Amino acid sequence: MSFTIRYDDNNQELMVAGSMSPQSAGELGELRKIFEKSARTVNGTLYLNVKRLIRLNNIAFHELAGLVARTCQEKPELKISVVTSSVVGWSARKFSKLARISPNISVEQYDKQFYPGQDVLEDGGFIPILRTQTKMTWRHEREILPRHGLKPGMAVADVCCGIGDFAALIYKEFTPSRLIAIDHAKPSLAYARKVAADFGIKGIEYVYGDASQLLLDDNQFDFVTCRHSLQVFDRPELILKELFRICKPGGRVYISNEKNSHCLGEPRAESIQWTYTEVAKLWDHFKMDIELGPKSRRYMMDTGFEDIRMESFMVTNLDGDPQDFADVIQAWEDVYAGKMAAERGDSEEFIKKFRQGFQDHIFAALHPKGYAGWPIWVASGRKPA
Amino acid sequence: MSADARMRDGGADFKPLFEMALGVEAFASNWAHCDKIATYVARLVSHNRTDSLLYANLFSSALNELLETAFRAHRGGGELACHVSRSGPVDRIELTIPCDEVLRGFYTRAIEELSGDDVSERYVAALLADGALDPGIGLLELAVDYKARLSLEPGDGDAVRLVADLALEEA
């Protein structure tokens, strides 16, 4: 049995994580002590965070329920909010029983607390964009990945795999010994499994998971990838910590991110630049950092990686069919100037100008003498042996 | 064939996935064996389920409760056997547990009580009750939260075979 229990006074949050399966309630003295102490000091709402609790036997639940029930009796004005995770299948079902104790107890599945902008990206509307984007970036990354240490026969994890097409390309090109692809969007995973089945690919494990609390053991993978995803989270350092944890000592973690304000095009450069500067502000409103690319090195150093390698590449309208580039930009416009701008409450006048920059980027991409670019930064670091 | 039909159909085609037997004293020498065996077996049988990690977590939690029940309710001597087989979406866990008359009575009653209409209410009541925990609570949990179909068969000698059919991708 290995679990941790910690009380964060600032958030009035009691966090229980790990595996809790005692033989007797007597083994839970630390839980009782910290729970009772925090319940005594807290006012208003006590948050019981069990998002990272992956095993809880009935003995432990019985003890926890007893603590909750006593607290409700002793402090009838106190509310208790239990935060479970959708990633741990039994969690919400089991903890929902606590709500029977008192109307002051609520039980929620609350992964979205961590992903403020996730609703926008998880509804499946992004799938066509992602497919075309991967086609365009793969031309570059298939050459880049070996420079960052990816070799055939490795155990690989693709965290935040999206629609799984990058994992499928890795599978075909680098024949990993194991390939696990994880994402938090069920529509994307359903699509990934269908594509894998259609292509007769049986070697990829597509699994539902939360990048900040992976149900994977430590030190499992030779190479861990996480592409275009740290920029989606408001706390990328927590994701990097998990990538570091599941990577084997001596293995490498590979990330890619953007700096959207550096998207460019000719002709109509000024309008294009204005719109992408506004894209960065729009993402920032949803607590996502689409400017993260060049910050990758700092993030990797702060996490504890060594031998950090970093480079950038530019996806352009000259890579393959310019219409692909135009399709991606059109999809960006649809989502950014459509759903996201509307959700932020932008004016019609702003949205018109905002849309024009995307249209000008498409114009540059399809112009016979034009040039349009989308820059991406990749970085990798080695976990110390 | 649906998962429910496979559970009901004794002749459904269950293919063996895993089998182990160990001396019941060795098993009962350390409570952590329940968790370790459950985690190990779950990893083995889950890799080709649609979502291997989610499935393994559910399967190991369910098997852990069965093993903890056996840990608390067995007699000395003989072997604890665990057999896992699969028919489509259903995984069948069979635990053979050395028993005496008293323990056989415990398992028989615990399984009989699962067929009542109020099983869900009784599970919640047992979870939230003061005092000692009902030793059959793991079986209640499987029947209610995991929608397992549980049954009891005679094993070799005076052992019992506890059978749990689980369709965890549909539960």
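Trainee: How much space lies in the largest pocket?

Mentor: The model under discussion is predicted. A pocket is an open set of points, and the volume is the space filled by probe spheres set on those points. For the largest pocket, this comes to about 1,500 Å³.

Trainee: Which element supplies the largest share of the lining of the largest pocket?

Mentor: In chain A, strand E1 (2–8), strand E2 (13–20), strand E4 (53–56) and helix H8 (236–246) each supply at least two lining residues, as do helix H3 (32–46) and H4 of chain B. Domain 1 (2–113) and domain 2 (118–382) of chain A each contribute at least three residues. The largest share, six residues, comes from E2(A).

Trainee: How many residues of the lining are charged?

Mentor: The pocket is lined by 44 residues, and among those nearest its centre are A:Arg52 and A:Arg245. By class, 13 lining residues are nonpolar and 16 are polar, while the number of charged residues is 15.

Trainee: Turning to chain B, which strands are at the edges of the open sheet?

Mentor: Five strands of chain B form this antiparallel sheet, in the order E1-E2-E3-E5-E4. An edge strand pairs on one side only, and in chain B this applies to strand E1 (15–23) and strand E4 (149–154).

Trainee: Which residue of E3(B) is the bridge partner of B:Arg86?

Mentor: Strand E2 (residues 79–87) of chain B runs antiparallel to strand E3 (residues 90–98) of chain B, and seven bridges join them. The partner of B:Arg86 in E3(B) is B:Asp91.

Technical notes: Residues numbered from 1 in each chain as written. Chains lettered and ligands numbered in written order. Predicted model: local features only at pLDDT ≥ 70, side-chain atom pairs only at ≥ 80, totals over all residues. Heavy atoms only, no water. Pairing = 2+ DSSP bridges. Helix = DSSP H or I, 4+ residues; strand = E, 2+ residues; numbered from the N terminus. 1 Å grid on protein atoms, 1.4 Å probe; cavity = no way out; pocket = protein on both sides within 12 Å on 5 of 7 lines; lining within 4 Å. Nonpolar A, V, L, I, M, F, W, Y, C, P; charged D, E, K, R; others polar. Domains from an automatic or database assignment.
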